[in-house]
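Open the model in your viewer and keep the selection tool at hand. The tour below goes stop by stop.

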Amino acid sequence: MSQKSGDSAQDTLIDPVSNRTSPFFIFWRRFARRPIGVFSLSILSIVIFCALLPSIVATHDPILYDGKAALVGFQTDHWLGTDNLGRDTYSRLVHGARTAIVVGFASVAIGVVGGLPIGILAGWWGGRRDEVLMRLMDAIFAFPSLLFTLLIITGLGPGIQNVTIAIGVPFIAVFARISRGSTLAVKQQDFISSALSIGAGDARIASRHLLPNAFAPVVVQGTLLFGVAIIIEASLSFLGLGTKPPDPSWGIMLTTAQRFLRQEPVLAIIPGVAISLTVLAFNLIGDVLRDLLDPRLRGAD
Amino acid sequence: MQTFILRRTFSSIFVLFIVTLITFFSINLLPGDLASRIAGEEPSQEQIEMVREALGLNRPLHVRYFEWIGGIIRLDLGDSLRTQADVSELIGRKLAVTAELGLLALIVAIAIAIPVGVLAGARPGTFLDYGLTIFAVGGVSIPNFFLAMVFIIFFAVKLGWFPALGTVSITEDPLGNIRSLVLPIFTIGLTSCGSMARQVRGAMVEVMRQDYVRTARSKGLQERDVILRHVFRNALIPVVTVLGLQMTIIIGGSIITETIFKLPGMGKLLIDSIYIMDTPIVQGIVLVLAATILALNLLVDISYAYLDPRIRYS
């Protein structure tokens, strides 16, 4: 699919909306046949809608204290209850979605923008430059991703912006490795040598031939890492190193909940389930995309 | 084989060197202004300068890096900024808890992942196979600190089977020690075994397609024998490689799990030291954990080359 959209003049003749043979339409039809894919996409649509327009979806101000309404449990005014400071759990959940989605998106973007050029050039150049770049990536892989993120947080200081950077930087190594792999896979093929023979330079080959080829694995990995980023953001906010209270974040909701596990366990269950469902949806979509986009793995299941 | 081991060892040492660079310069070179954060809430310029002077942060970066490296070679990781305690000694005291936790979690993960992966891989497309996929994806989707809280709610608060927080020394009370570690061990083990089970399953499916499996079947061997004698053995080889990855996940998981369950291990010390900006301790722990992972991966690679001779010559 990725190759198709990159090369032929035929593609430009097909109207992607009306024509039922357009690659996008074919892809969408195959995606729609996967109940898991459709289920995950619906969950993500809800989460992303909350992230885009939290004030419309929420019923209360997420940071407004209300001493009289502390820990009220489920009731009509606060249908998911309130926390110890009387803040509406449902509204905090909705606003927390924004933090999760923004951090997830931005950190994956850092990984893609940083990793793709490194990987493609390393694969294309080969030799010593490839060796040096890849050993550097190996060093990043020697850290569990949380450890590397904690290291950057120690250097930069806590806060949500720094957390985003700290999550994104180790992703650079992941995307570099993937795009290097996809570059090596096509480097020796005929269409590359013919491009070289008509005088195409490194930049042209990288952007017209190597980059489109990395598209499928990068989309798949990007979807999976989006979920990882949401978990790490929640973990760091939970530890008090990410989002600063009183701003809403699913991780911070769990920090509060930890103090009330005995009296009010539901305070922990609600944000925990929100994180798990969102990350699950990203992981399941990633799997479906892998099946659909990566022909090599098709039929492996 | 010897050249392979030698080459791999050199390559690991080189990566370890880069790890020291990344560790040191992430903390000391990033524009987070260490001294002003160590000096406390809204420090005056003088206070910041005093902190810089007292901690030697005003000396050139490369000098401090080489001092740190020189210390590492003598197994001296420097002193704590806050208490002046010896960092190597401090880490040494916390090592046992983290190692015990990690090892037991690995055993739990393997004990679940291998049988589940083998059964699912032997019958792809069945109910069990489908269940494994859900379990594995669920395992990477549930944050371990949330799973830890669910465990605390059910097994500590509601049922009272295990303590919710803390641990006792294994030498004082071995049974109490294990009992207090059950919830943390299963938190880490369960969140990490899914990916491993999937790897086992994948390897099983791959081997099942081989010609020698068809041969074994066509000579009339029972399916059970085919799987145990031919498939399982060969499927285990690629699984060895994920052990390294598994250790990385487990060590990463222990950082948060120790913090939640208030276990006095390296992970909790790391987080506590980040709060108070005790950078020598942070550097030391990061280095020890990363070096452990590198060493384990080296062992895994060597044993893999031993099991599968094709690797040595590639």
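Helices here are DSSP runs of H or I with at least four residues, and strands are runs of E with at least two, both numbered from the N terminus. Keep in mind that this is a predicted model.

**Stop 1: chain B as a whole**

Chain B has 12 helices and 0 strands. Followed along the sequence, its pattern reads α-α-α-α-α-α-α-α-α-α-α-α.

Now draw a box along the principal axes. The C-alpha atoms of chain B fill roughly 85 × 55 × 35 Å.

Switch to a surface. Chain B exposes about 15600 Å², with 65% of that supplied by carbon and sulfur atoms. How many of the residues of chain B count as buried? Of its 314 residues, the share is 48%.

**Stop 2: two domains in chain B**

Colour residues 2-73 of chain B one way and 88-307 another. The domain assignment calls these domain 1 and domain 2. Their centres, taken over C-alpha atoms, are 31 Å apart. The contact takes 18 residues from domain 1 of chain B and 14 residues from domain 2 of chain B.

Next, the area between them. Domain 1 and domain 2 of chain B bury about 1400 Å², and 79% of this lies on carbon and sulfur atoms. How many salt bridges are there between domain 1 and domain 2 of chain B? The count is 1.

Select B:R8 and B:D301 and show their side chains. These two meet in a salt bridge, at 2.7 Å from N to O.

**Stop 3**

Select B:L90, in helix α5 of chain B. Is B:L90 buried or exposed? B:L90 is buried, because its relative accessible area is 12% and the cut-off for buried is under 20%.

Leaving out residues up to four places away in sequence, the list is B:A85, B:L269 and B:I281. B:L90 and B:L269 are 179 residues apart along the chain, yet 9.1 Å separate their C-alpha atoms.

**Stop 4**

Most residues other than glycine have a negative phi.

Start with B:L75. Its phi is near 60°, a positive value in a residue other than glycine. B:L75 sits in the loop between α4 (61-73) and α5 (87-122) of chain B. B:L75 counts as exposed, because its relative accessible area is 70%.

Move on to B:K262. This residue is not a glycine either, and its phi is about 50° and positive. Look for B:K262 in the loop between α10 (223-260) and α11 (266-275) of chain B. B:K262 counts as partly exposed, because its relative accessibility is 45%.

**Stop 3**

Show both chains and select the residues in contact.

Look for charge across the interface. The count between chain B and chain A is 1 salt bridge. Select B:R198 and A:D287: their side chains meet in a salt bridge at 2.9 Å, N to O.

**Stop 3: a nonpolar patch on chain A**

Select A:I48, A:F49, A:L52, A:L53 and A:I56. Together they form a nonpolar patch on the surface, with about 480 Å² of accessible area. Helix α4 of chain A (residues 35-52) gives the largest share, 3 residues.

One of the patch residues is A:I48, found in helix α4 of chain A. A:I48 counts as partly exposed, because its relative accessibility is 34%.

Finish with A:I46, also in helix α4 of chain A. A:I46 counts as exposed, because its relative accessibility is 55%.

Notes:
Residues are numbered from 1 along each chain as its sequence is written. Chains are lettered from A and ligands numbered from 1 in the order in which they are written. This is a predicted model: local features need pLDDT of at least 70, side-chain atom pairs count only at pLDDT 80 or more; totals for chains, interfaces and linings use all residues. Side-chain values use heavy atoms; hydrogens and water are left out. Patches are made of residues with over 30% relative accessible area and no salt bridge: like charges are joined within 9 Å, nonpolar side chains (Val, Leu, Ile, Met, Phe, Trp, Tyr) within 5 Å. Accessible areas come from the Shrake-Rupley method with a 1.4 Å probe; for residues, only the protein chains shown count as cover. A salt bridge is a side-chain nitrogen of Lys or Arg within 4 Å of a carboxyl oxygen of Asp or Glu. Buried means under 20% relative accessible area, exposed over 50%, partly exposed in between (1.4 Å probe, protein chains only). Domain bounds come from an automatic or database domain assignment. Contact means heavy atoms within 4.5 Å. Buried area is the accessible area (1.4 Å probe) that two parts lose on being put together, summed over both.
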